[in-house]
Amino acid sequence: MTAARQRILSGVKPTADSLHLGNYIGAVRQWVAMQDQYEAVFFIPDLHAITVDFDPAALATRTRTVAAQYIAAGVDPEKAIFFVQSHVPEHAELAWVLNCLTGFGEASRMTQFKDKTAKSGSDAATLGLFAYPTLMAADILLYQADLVPVGEDQRQHLELTRTLANRFNTRFGETFTVPEATILKETAKIYDLQNPAAKMSKTGESPNGAIQLLEDPKIAAKRIKSAVTDDGTEIRFDAEAKPGVSNLLTIYSSLTGRSIAELEEAYAGKMYGHLKVDLAEVMVDFVTPLRARTAELLDDPAELDRLLAHGAQRARAIASVTLQDVYNKVGLLAPATAGR
């Protein structure tokens with residue numbers, strides 16, 4: 001008898017017009033691998049995206065674009081449960097119950113809220129931003145997730161999720177799986193092409209520092225060729241002494257599967273220019289089909305909507321059971337079936 005696979009849950013906010021290369025290597029590839037290793041639940045947390053200032057038209061466009069890019073990059077809506085958060089109303093409903101079990105002081109200690117309001121002040125923040133961690137807890141607990149991959153900035157929120165799960169279980173009876181944080185196998189960090197001391201980001205100092213996956217592949221190639229390198233001429237991985245070249249080697253290795261050691265050997269005695277020209281070709285070969293598949297999905301919104309609706313239906317089959325159990329245990333009456 002085959003043992004049940006652990007359930008893992010992850011989400012990515014629709015806050016940019018295009019994913020960049022760092023997103024792909026650091027997150028998307030992980031999702032693609034996870035859907036074969038775990039029972040995977042992946043979602044686009046658009047409700048989280050409205051906790052700060054936003055443009056409605058841009059949010060709708062970005063939600064579709066992120067969904068299309070993830071599918072184009074290998075997320076399989078048949079293998080993984082893949083959906084948009086607002087399509088599953090149980091997220092907001094469970095969040096309200098958890099809000100009512102979370103102390104004000106407890107929520108006030110969340111460092112991310114304090115960091116985000118440090119400049120503008122708490123008066124400029126919304127209640128949604130303040131309650132962001134309880135919505136995140138609902139996202140996780142609805143699906144009885146065993147594992148949640150988190151970065152350091154979300155670790156405190158996951159601890160609150162665990163606290164709330166235990167609190168509910170103790171007061172109302174065993175209900176929620178208490179999730180574990182998981183650090184998946186080492187993920188390559190991709191740095192800014194113009195400032196290899198900073199991670200690649202949509203908000204980097206120069207637009208030439210990031211490769212946007214939906215831009216013209218010729219632009220991606222140009223940015224690789226103009227990437228900052230280091231003193232000397234030797235092509236070797238040394239994150240401290242040669243951050244620029246090391247970043248290019250990491251990108252090359254991540255996109256081709258060739259080890260750093262193999263690449264160092266292949267480019268022994270060659271110049272930085274040789275590495276850049278070859279990597280630019282690798283980048284074009286990678287970006288071109290992904291961009292084409294994303295465009296194909298976006299050009300057929302009915303099919304994209306069908307895939308997302310299918311994911312939401314699968315998600316609700318789990319989430320509705322959890323929420324009904326919660327409602328029963330806290331004493332909320334189930335609606336009666338209307339008679340004649």
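Me: Which residues of H11 are buried?
Reply: Gly-244, Val-245, Ser-246, Asn-247, Leu-248, Leu-249, Thr-250, Ile-251, Tyr-252, Ser-253, Ser-254 and Leu-255. Buried means under 20% relative accessible area with a 1.4 Å probe, protein chains only. This is a predicted model, where local features need pLDDT of at least 70, side-chain atom pairs count only at pLDDT 80 or more, and totals for chains, interfaces and linings use all residues. Numbering runs from 1 along each chain as its sequence is written, and side-chain values use heavy atoms, without hydrogens and water.

Me: Why is H11 described as largely enclosed?
Reply: Because 12 of its 14 residues are buried. Helices here are DSSP runs (H or I, at least four residues), numbered from the N terminus.

Me: What do the buried residues of H11 pack against?
Reply: Helices H1 (21-37), H10 (217-225), H12 (260-266) and H13 (272-298). Contact means heavy atoms within 4.5 Å.

Me: What comes just after H11?
Reply: Gly-257, with a positive phi of about 85 degrees.

Me: New topic. How many residues are in the largest nonpolar core?
Reply: 56. Leu-21, Tyr-70, Phe-82, Leu-255, Met-283 and Phe-286 have the most contacts inside it. Such a core is a set of buried Ala, Val, Leu, Ile, Met, Phe, Trp, Tyr and Cys residues joined through side-chain atoms within 4.5 Å.

Me: Which element gives the largest share?
Reply: H13, with 10 residues.

Me: And what does Tyr-70 contact, leaving aside neighbours within four places in sequence?
Reply: Val-12, Leu-19, Ala-27, Val-28, Trp-31, Val-75 and Phe-82.

Conventions:
Buried < 20%, exposed > 50% of the residue type's maximum accessible area, 1.4 Å probe, protein only. Helix = DSSP H or I, 4+ residues; strand = E, 2+ residues; numbered from the N terminus.
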